[in-house]
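Here is a short report on one protein chain. Please look over the sequence and the structure before reading on.

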Amino acid sequence: MSDDKTRGISIIGFIGSVFSPWYRWSGRRDPENNCCMNVATYGAGGGVFAMTDRGRDALRTENDKLTIGPSTMTWHGDRLIVEFDERGAPPRLGRVRGRVIVTPAAITGVELPLSAGGEHVWRPFAPVSRIRVEIEGQPAWEGEGYFDSNFGTSALEADFSRWTWGRFPTPEGAACFYDARMRDGSTRDAGFLFHHDGRVEVLDLPKLSISRTFWQLSRETRGDPGTKPQQVLGMLDAPFYARAAVETTVRGHRSTGVHEVLDCDRLRGPWLMPLVAMRVPRRARWP
């Protein structure tokens, strides 16, 4: 998010595009044949959502570089540079092209299994970062950045019922909360405070409810007892998934960060995939 809290950007490089109907319809047997560089912008200047499911010809993996079609993520020394050139989905069509420079304060050693058998793993590489965002046709901006990865060997909806995630800047660095309800009824709840120097401490704060989304997804995040989190900027609102800027209080500090909720019970419904396909086109070939 920008320092003035008026803009945001999310970029996800998928090998095995977990939300893609094309990946599901293929039986999820070949993740490299369903790759994607998902780019979403929010706030001032208007929002664009780009998520093209691409075939294996579009994918290149190297030690310090990921290429998916016309977009790349590349490590240059201590910085991650993301360059993208994608096409927006309805209702806002057109090209979204630009560059994001991610400068981590430190790289953590945290890796958290999200399921008892280790089928899903969260790896927050650089929860405390700075970003510079340069989008064609818009003023450049700087702000709070975050970089992580998720790995899995089975479908999200096979093991999760729902989860929420949030990242909130603090004077020490950033607080991250990952709370999941598993398909078997168990829970997997985690809270961490990541310091600027890479140190990590467990952060145990109570869950607090947030207002429901337009599609009536229930939401909660963590915060100091007796405080009230609230949404301050809507970002992405879908029947099974929502992303928003949310304000909460962490150790007496009022913080605005990015919050996500995923309802896997809805995601597993076959009725949803044709709707998603209208926003996620498939381009199997790449020169």
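## Terms and model

Two strands count as paired if DSSP finds at least two bridges between them. The strands themselves are DSSP runs of E, at least two residues long, numbered from the N terminus. With that rule, Gln231 has Val246 in E20 as its bridge partner. The model is predicted.

## The seven-stranded sheet

An open sheet holds 7 strands in the order E16-E15-E14-E13-E21-E20-E19. The pairing is antiparallel. Strand E16 (200–202) and strand E19 (230–237) stand at the edges. Each has a single partner strand, so one side of each has no neighbour in the sheet. From one strand to the next, the twist averages 20°.

In general, strands of a sheet pair through backbone hydrogen bonds, parallel or antiparallel.

E19 and E20 are antiparallel and share 6 bridges. They form a hairpin, with 3 residues between them. Strand E20 covers residues 241–250. It is mostly covered: 9 of its 10 residues are buried.

E20 also runs antiparallel to E21, joined by 10 bridges.

Arg162 has Asp263 in E21 as its bridge partner.

## Asp263 and Arg266

Asp263 also takes part in a salt bridge. Its side chain meets that of Arg266, at 4.0 Å from N to O. The cut-off for a salt bridge is 4 Å. Arg266 is partly exposed, at 25% relative accessibility. The limit for buried is under 20%.

## Other salt bridges

The count comes to 23 salt bridges. One of them joins Asp3 and Arg130, with the closest N and O atoms 2.8 Å apart. Asp3 lies in the segment before E1, and Arg130 in strand E11 (residues 120–135), so the pair ties together parts that are 127 residues apart in sequence. Asp3 is partly exposed at 45% relative accessibility. Arg130 is partly exposed at 36%.

The side chains of Arg222 and Asp179 also meet in a salt bridge, 2.6 Å from N to O. Arg222 sits in strand E18 (residues 219–222), and Asp179 in strand E14 (residues 173–182). The two are 43 residues apart, so this pair too links distant parts of the chain. Both Arg222 and Asp179 are buried. A network of salt bridges links Arg99, Arg132, Glu134 and Glu142.

## A buried loop residue

Where is Ser17? Ser17 lies in the loop between strand E1 (7–15) and helix H1 (21–25). Its relative accessible area is 0%, so Ser17 counts as buried. What does Ser17 touch, leaving out residues up to four places away in sequence? Its contacts are Tyr23, Asn34, Cys36, Met51 and Asp53.

Lys5 is not a glycine, yet its phi is positive, about 65°. Lys5 lies in the segment before E1. Its relative accessible area is 32%, so Lys5 counts as partly exposed.

Gln216 is another residue other than glycine with a positive phi, near 65°. Gln216 is in the loop between strand E17 (207–210) and E18. At 45% relative accessibility, Gln216 is partly exposed.

## A nonpolar surface patch

Which residues form the nonpolar patch on the surface? They are Trp271, Leu275 and Met278. Together they have about 360 Å² of accessible area. Trp271 is found in the loop between helix H3 (264–267) and helix H4 (272–277).

Methods:
Residues are numbered from 1 along each chain as its sequence is written. This is a predicted model: local features need pLDDT of at least 70, side-chain atom pairs count only at pLDDT 80 or more; totals for chains, interfaces and linings use all residues. Side-chain values use heavy atoms; hydrogens and water are left out. Helices (H or I, at least four residues) and strands (E, at least two) are DSSP runs, numbered from the N terminus. Axes are lines fitted to C-alpha atoms, for helices over the stretch in contact, and angles run from 0 to 180 degrees between N-to-C directions. Buried means under 20% relative accessible area, exposed over 50%, partly exposed in between (1.4 Å probe, protein chains only). Contact means heavy atoms within 4.5 Å. Patches are made of residues with over 30% relative accessible area and no salt bridge: like charges are joined within 9 Å, nonpolar side chains (Val, Leu, Ile, Met, Phe, Trp, Tyr) within 5 Å. Accessible areas come from the Shrake-Rupley method with a 1.4 Å probe; for residues, only the protein chains shown count as cover.
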